[in-house]
Amino acid sequence: MNDDEKWMREALREARQCLRNTEAPYSPLTPPPLDSPHSDIRQASSVNRQSNNPQSAIRNPQSDVPVGAVCVWQGEIIGRGHNRREVERDPTAHAEVLALQAAATHLGDWHLTGVMLYVTLEPCVMCAGAIWLARVEQVVFGAWDERAGACGSVFDIVRDPRLNHRPQLRGGVLADECAALLKEFFATQRKPPTTT
């Protein structure tokens with residue numbers, strides 16, 4: 001097993017944490033805390049989502065899409081992250097962003113020079129922007145994202161020649177294993193509830 005596969009297995013381990021989360025996130029079926037500054041907005045939004053989305057009852061609101069990431073520097077993991085959008089109620093809580101934040105905290109600097117990011121799914125536009133801004137040296141990802149990938153599939157942000165920093169890029173590492181985890185997750189999420 002080469003180093004890229006070794007670190008990608010760590011990213012896969014992190015992705016599986018999404019499936020183990022037991023924390024109770026915000027759910028469209030329960031109102032937000034009364035002291036929330038957005039309780040009226042969230043309650044109205046919940047009503048709209050319930051009435052306009054018949055699939056909402058099928059989806060498990062506690063499960064984030066299983067994407068994991070690790071940041072490696074000098075042969076050591078210095079940052080880990082897995083998707084936490086549902087748990088944190090935060091659209092920016094992607095695995096890559098959380099791993100980059102942890103790495104920056106570890107190094108005490110937002111410049112992540114010399115850091116390699118391993119992620120199980122091709123980064124999206126937001127994450128590709130964060131990778132560029134953090135000056136990550138190399139990005140290695142598993143499965144390609146043909147719908148929203150920003151490292152070669154739909155967009156190619158990190159290799160745009162107009163940018164002042166372009167990390168090295170390698171896609172498709174353990175792609176089948178990374179894609180299988182996502183396919184299994186979405187198949188489970190789409191299953192209709194069983195009636196007894």
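Modeller: Two strands count as paired if DSSP finds at least two bridges between them. Strands (E, at least two residues) and helices (H or I, at least four) are DSSP runs, numbered from the N terminus. The model is predicted, so local features need pLDDT of at least 70 and side-chain atom pairs count only at pLDDT 80 or more, while totals for chains, interfaces and linings use all residues. Residues are numbered from 1 along each chain as its sequence is written, and side-chain values use heavy atoms, with hydrogens and water left out.

The sheet is open and has 5 strands in the order S2-S1-S3-S4-S5, with mixed pairing. Its edges are strand S2 (76–82) and strand S5 (168–170), each of which pairs on one side only. On average, neighbouring strands are turned by 15° against each other, direction ignored; for such angles, axes are lines fitted to C-alpha atoms, for helices over the stretch in contact, and angles run from 0 to 180 degrees between N-to-C directions.

S1 and S2 run antiparallel and are joined by 6 bridges; Val70 has Arg80 in S2 as its bridge partner. The two strands form a hairpin with 2 residues between them, and Gln74 in the turn has a positive phi of about 50°.

On to S3. Strand S1 (residues 68–73) and strand S3 (residues 116–121) are also antiparallel, with 4 bridges between them. Here Val72 stands opposite Met116, and Cys71 stands opposite Leu117. Leu117 also stands opposite Val139 in S4. S3 and S4 run parallel, joined by 5 bridges. Of the 6 residues of S3, 6 are buried, so this strand is largely enclosed by the rest of the structure; buried means under 20% relative accessible area, exposed over 50% and partly exposed in between, with a 1.4 Å probe and protein chains only.

Helix H5 (residues 95–107) touches S1, S2 and S3, and its direction makes about 145° with that of S2. Leu98 lies in this helix. Apart from neighbours within four places in sequence, Leu98 contacts Arg80, Gly81, His82, Arg84 and Ala93. Leu98 is also 8.3 Å from Ala69, C-alpha to C-alpha, although the two are 29 residues apart in sequence.

A further helix meets a helix partner. H1 and helix H7 (residues 175–190) pack at an angle of about 5°, with their axes 11 Å apart. That makes H1 roughly parallel to H7; angles under 35 degrees count as roughly parallel, over 145 as roughly antiparallel, 65 to 115 as roughly perpendicular and the rest as oblique. Met8, Arg9, Leu12 and Ala15 in H1 meet Glu177, Cys178 and Leu181 in H7. By class this contact has 5 nonpolar, no polar and 2 charged residues, where Ala, Val, Leu, Ile, Met, Phe, Trp, Tyr, Cys and Pro count as nonpolar, Asp, Glu, Lys and Arg as charged, and the others, Gly among them, as polar.

Last, confidence. The chain averages a pLDDT of 83, and 76% of the residues score at least 70; pLDDT is the predictor's confidence in each residue, from 0 to 100. Over residues 24–34 it stays under 50, and the model has 25 contacts for them beyond four places in sequence. Residues 36–59 are also below 50, with 24 contacts in the model beyond near neighbours in sequence.

Conventions:
Contact means heavy atoms within 4.5 Å.
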